[in-house]
Amino acid sequence: MGDLATAKTIITEECEWNPEKGHSDYAISKYGAEMEVWRAQQEGLDVVIVNPGVILGPLFWAEGSGEIYTKVKNRLPFYTKGSTGFVCVEDVVKIMFLLMKSNLLGEKFILIAENEEDI
């Protein structure tokens with residue numbers, strides 16, 4: 001797979017990490033954390049991994065993902081091309097709770113409500 005930042009392909013659970021590509025420090029830390037979870041599974045821990053997209057929810061308008069609301073309200077002067085997957089914080093919590101109560105183990109899920117293209 002090509003560079004994920006410029007790829008025209010929608011990212012799925014089957015997409016593989018390409019260590020030859022440039023990645024942000026954030027992406028590298030997320031990948032490293034996921035590798036630690038898979039290692040813990042090999043040592044006997046029951047695991048399920050969730051990779052949420054951009055998490056949106058009420059109350060935190062001036063920080064994190066919530067800044068999107070403030071920037072749009074203040075008439076953001078530009079928008080980037082591409083696609084972004086969004087998910088509501090309440091859906092993330094509900095899905096994680098249901099996964100913890102389920103018999104699903106050793107799986108990875110991308111949590112997004114939908115992809116918004118060219119927003």
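**Briefing on the predicted protein chain**

The secondary structure of the protein chain comes to three helices and five strands, and the model they are taken from is a predicted one. Read along the sequence, these elements follow the pattern α-β-β-α-β-α-β-β.

**The chain as a whole**

- Of the 119 residues in the protein chain, 13% are buried, a class that takes in residues with under 20% relative accessible area.
- The protein chain exposes about 9,300 Å², and carbon and sulfur atoms supply 57% of that area.

**The aromatic pair**

- A pair of aromatic rings is described by the distance of the centres and the angle of the planes.
- The count of aromatic pairs in this model comes to one, and the pair is formed by Trp17 and Tyr31, with 4.3 Å centre to centre and 10 degrees between the planes.
- Because planes under 30 degrees apart count as stacked, the pair of Trp17 and Tyr31 is classed as stacked.
- Trp17 lies in the segment before α1 (25-42), whereas Tyr31 lies in helix α1, so the pair ties together parts that are 14 residues apart in sequence.
- Trp17 has a relative accessible area of 26% and is therefore partly exposed, and Tyr31, with a relative accessible area of 30%, is likewise partly exposed.

**The nonpolar surface patch**

- Met96, Phe97, Leu98 and Met100 form a nonpolar patch on the surface, and together these four residues have about 440 Å² of accessible area.
- Leu98 counts as partly exposed because its relative accessibility is 49%, and the exposed class takes in values over 50%.

- With 71% relative accessibility, Gln42 counts as exposed, whereas Tyr31 is partly exposed.
- Gln42 and Gly106 are 64 residues apart along the chain, and in the model their C-alpha atoms are separated by 9.7 Å.

Technical notes
Residues numbered from 1 in each chain as written. Predicted model: local features only at pLDDT ≥ 70, side-chain atom pairs only at ≥ 80, totals over all residues. Heavy atoms only, no water. Patch = residues over 30% accessible without salt bridge, like charges linked within 9 Å, V, L, I, M, F, W, Y side chains within 5 Å. Areas by Shrake-Rupley, 256 points an atom, 1.4 Å probe, with all protein chains shown as cover. Salt bridge = Lys/Arg side-chain N within 4 Å of Asp/Glu carboxyl O. Buried < 20%, exposed > 50% of the residue type's maximum accessible area, 1.4 Å probe, protein only. Helix = DSSP H or I, 4+ residues; strand = E, 2+ residues; numbered from the N terminus. Phe/Tyr/Trp six-rings, centres within 6.5 Å; stacked < 30°, edge-to-face > 60°.
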